[in-house]
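Here are some notes to read beside the model. Keep the structure open and find each residue as it comes up.

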Amino acid sequence: MNQVQRRIVLIGLVPLFMSLLSVSIINVVLPAIETDLQASSSALQWVLTGYALSFGVVLVASGRAGDVFGRGQLFMIGVGLFGLASLVAGITPGTLTLNIARVFMGLGSGLLNPQVVGLLQQYFHGPQRGRAFGLMGTTVGLSVATGPVLGGVFIALFGPELGWRAAFLVNVPFAVISLILARSWLPKSAWHPIEDNDNTDADPAAASATDRTFPKRDRDLDPVGVILLGVGVLLVLLPFVESSVGWFIWLGLPLGLFTIWLWTRWEHGYSARGHAPMVDLKLFSIKSFSNGSIIITLYFMGVTSVWVLIAMYMQQGLDHTALAAGMIGLPAALLSAVSADVSGRFVFQIGRRLVVWGIITCLVGLVSTIGVVFLLTQGIGSEWWMLLTLCFIGAAQGMVISPNQTLTLQEVPLKYAGSAGGVLQTGQRIGTSMGLAIMTALAFAVTAVSDWNIGMISSFAAIAVIVVVAGIVGLTEVRRGRRRQL
């Protein structure tokens with residue numbers, strides 16, 4: 001990496017780490033928030049879902065805005081909003097302000113995340129791009145690993161009343177530093193839109209060396225498309241994150257799917273009239289992009305639930321503490337970080353086969369964990385054997401997520417890198433929300449008529465089925481790649 005690339009990695013990955021840390025740290029500090037603010041269960045639910053919903057809804061729109069206006073501006077707006085909202089959340093006097101702040105934290109995360117993807121796509125090329133996305137995967141793994149532990153440390157050091165506030169306030173200095181460095185270090189071309197004739201094969205070393213700027217393109221944000229997709233994604237997500245509200249909330253799912261269909265029709269017509277659509281639907285004719293999007297949506301639908309189910313099983317099924325529940329996944333999360341970095345070095349040599357091998361490794365982890373739980377029903381072994389079996393799933397995450405993202409975006413034109421990255425991340429958010437709702441509901445339903453051991457086995461078996469489907473799509477993409485080489 002040259003100096004410009006190293007700076008971009010540092011500028012982008014630090015706030016990315018903090019935004020994802022805010023996802024994993026919150027579960028540990030929720031009991032302290034409940035006690036300190038006398039929060040109701042619905043208020044606590046919105047501490048979780050407000051962030052998730054606002055995060056997911058703006059991803060594609062913010063990616064498109066970065067493509068049109070330049071990623072530097074959108075990145076700084078996102079980091080600034082995230083940092084300011086974190087400050088408000090940390091000093092909030094009550095749950096209403098906290099929930100509003102969490103929504104704005106999610107908006108900030110949704111603004112900055114696609115810009116990080118777009119910047120890596122813009123300034124890294126070939127094997128270096130794989131390495132950069134590998135570092136991004138390492139960042140994701142470390143945020144998952146350190147979030148629960150850091151939350152526990154804050155509670156232990158500062159007590160419940162101040163500990164949960166520290167979990168939000170820790171974001172503020174990093175946001176300030178990131179803003180200062182972004183303003184000083186991002187190259188001039190990061191503050192301008194990409195020219196129509198630029199593509200992903202342009203040499204980023206030459207681009208950063210000359211630090212060229214691009215003439216302004218038609219700054220068409222497609223506002224109707226933004227609203228339609230935002231409302232559609234919100235309606236699809238809402239039933240899965242607010243399922244406890246009542247049966248009527250599920251009416252949002254078909255309505256959301258219909259709204260997304262309307263969005264696709266609008267985008268077709270908007271493009272036919274000579275305008276620049278929010279998302280060029282021709283992206284989905286790029287097989288590597290469409291198949292990669294399906295793979296990662298299915299993978300997140302299944303595997304994200306693993307860590308929630310393990311935490312519930314350890315605490316509710318086996319009566320362990322929250323700290324013990326968090327620690328059992330720590331080796332797997334750390335291995336995920338290492339695996340992502342190593343995979344990033346070899347992703348272009350191995351190709352989509354690396355993703356398929358990662359899916360197979362994940363299946364080994366799922367099946368072996370089922371085996372451990374089954375042995376526990378027979379009075380054999382220990383739940384701590386899962387420290388080993390979950391490591392297979394951790395290693396798989398590093399082999400699947402970042403390499404799949406690298407390969408999925410490989411053929412995407414650079415001018416759509418932000419919006420394409422937003423589409424990928426929206427798929428991840430939808431998959432995560434659907435998976436968490438379905439798998440936890442299955443676990444609770446089975447546990448109600450049996451016990452937590454059988455509930456775990458049933459839900460992990462369902463996750464394995466989804467992962468197998470993702471693997472089939474991955475094999476299809478491997479075969480397609482082989483045919484292209486013939």
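1. Does Asp341 count as buried or exposed? Keep in mind that this is a predicted model. Asp341 has a relative accessibility of 17%. The cut-off for buried is under 20%, so Asp341 counts as buried.

2. Now look at the partner of Asp341. Its side chain meets that of Arg131 in a salt bridge, at 2.1 Å from N to O. This pair ties together distant parts of the chain: Asp341 belongs to helix α14 (residues 330-350), Arg131 to helix α7, and 210 residues separate them. Arg131 has a relative accessible area of 24%, so Arg131 is partly exposed.

3. Another salt bridge joins Asp36 and Arg165, with the closest N and O atoms 3.7 Å apart. This pair also links distant parts of the chain. Asp36 sits in helix α2 (residues 26-37) and Arg165 in helix α7 (residues 127-169), 129 residues apart. Check the cover on each side. Asp36 is partly exposed, at 28% relative accessible area. Arg165 is buried, at 16%.

4. Glu477 and Arg480 are both in helix α18 (residues 452-485). They are three residues apart, about one turn of the helix. Why does that spacing matter? An α-helix has 3.6 residues a turn, so residues three or four places apart point the same way. The side chains of Glu477 and Arg480 meet in a salt bridge of 2.6 Å, N to O. Both residues are buried.

5. How many salt bridges does a search of the whole structure find? The search gives six. The general idea is simple: side chains of opposite charge can pair when their charged atoms come close.

6. Turn to helix α3 (residues 41-57). Its 17 residues should span 24 Å at 1.5 Å a residue, and its end C-alpha atoms are 24 Å apart, so the two values agree. Still, look at Thr49: α3 bends there by about 30 degrees. Thr49 is also one of the buried residues of α3. Others on that list include Leu44, Val47, Tyr51 and Phe55.

7. Compare expected and actual span for helix α17 (residues 417-449) too. α17 has 33 residues and reaches 48 Å from its first C-alpha to its last, close to the 48 Å expected at 1.5 Å a residue. This helix is mostly covered, with 24 of its 33 residues buried.

8. Asn171 deserves a look. Asn171 lies in helix α8 (residues 171-185). With a relative accessible area of 1%, Asn171 is buried. Its side chain has a polar contact of 3.3 Å with the side chain of Ser22.

9. Last, the surface. Which residues form a nonpolar patch there? They are Leu84, Leu87, Val88, Ile91 and Leu169, and together they have about 400 Å² of accessible area. Helix α5 (residues 71-91) gives the most to the patch, with four residues. Val88 is in helix α5. Its relative accessible area is 32%, so Val88 is partly exposed. A patch residue needs over 30%, and Val88 has 32%.

Key: Residues numbered from 1 in each chain as written. Predicted model: local features only at pLDDT ≥ 70, side-chain atom pairs only at ≥ 80, totals over all residues. Heavy atoms only, no water. Patch = residues over 30% accessible without salt bridge, like charges linked within 9 Å, V, L, I, M, F, W, Y side chains within 5 Å. Areas by Shrake-Rupley, 256 points an atom, 1.4 Å probe, with all protein chains shown as cover. Salt bridge = Lys/Arg side-chain N within 4 Å of Asp/Glu carboxyl O. Helix = DSSP H or I, 4+ residues; strand = E, 2+ residues; numbered from the N terminus. Buried < 20%, exposed > 50% of the residue type's maximum accessible area, 1.4 Å probe, protein only. Expected span 1.5 Å × (residues − 1). Bend = angle between axes of the 7 residues up to and from the residue. Polar contact = N/O pair within 3.5 Å; in protein donor to acceptor, adjacent residues only side chain to side chain.
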